[in-house]
Amino acid sequence: QVQLVESGGGLVQPGGSLRLSCVASGSILSIGVMGWYRQAPGKERELVATEGARTNYGDFVEGRFIISRDKAKNTVDLQMDSVKPEDTAVYSCYAKGLYTTTGYEYETWGQGTQVTVSS
């Protein structure tokens, strides 16, 4: 089974930058889509950014975040710039369409990493 492990969360001041990283491990042959979602307290999970056949960003990103993916290494990073207090949330790595040596997994999630934007 594929596992996703995130790193890079923490406390950052408004207007600052943070970089999240995620690595997928397991007997992976290929992954269709990798990306990030987030969930703030009392709110529904929402798309931050995904990269597959095309790149998608949540409307709130407004050019502040950049997703980058290394298919050979099965990693996906999220560079977050000009962060705002409303970006505070648990950010979870996501992967869909995973082919492994043991079969196919439709999707999987990481455990999440906390990002807190506060002065």
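Good morning. The model is predicted, so local features need pLDDT of at least 70 and side-chain atom pairs count only at pLDDT 80 or more, while totals for chains, interfaces and linings use all residues. Residues are numbered from 1 along each chain as its sequence is written, and side-chain values use heavy atoms, leaving out hydrogens and water.

I begin with the core. A nonpolar core is a set of buried Ala, Val, Leu, Ile, Met, Phe, Trp, Tyr and Cys residues joined through side-chain atoms within 4.5 Å; buried means under 20% relative accessible area, with a 1.4 Å probe and protein chains only. The largest such core here has 29 residues, and M34, W36, F65, L78 and Y91 have the most contacts inside it. Strands, which are DSSP runs of E with at least two residues, are numbered from the N terminus. Among those supplying at least two core residues each are β3 (18-25), β4 (28-39) and β5 (46-51). β9 gives the most, with 5 residues.

Next, the disulfide, a pair of cysteine sulfur atoms within 2.5 Å. The count comes to 1: C22 and C93, with sulfur atoms 2.0 Å apart. C22 lies in β3 and C93 in β9, so the pair ties together parts 71 residues apart in sequence. Both cysteines, C22 and C93, are buried.

Finally, the strand pairing, for which DSSP must find at least two bridges between two strands. β4 and β5 run antiparallel, joined by 5 bridges, and R38 stands opposite E46. β5 also pairs with β6 (residues 55-57), antiparallel over 3 bridges. Thank you.

Notes: Buried means under 20% relative accessible area, exposed over 50%, partly exposed in between (1.4 Å probe, protein chains only). Helices (H or I, at least four residues) and strands (E, at least two) are DSSP runs, numbered from the N terminus.
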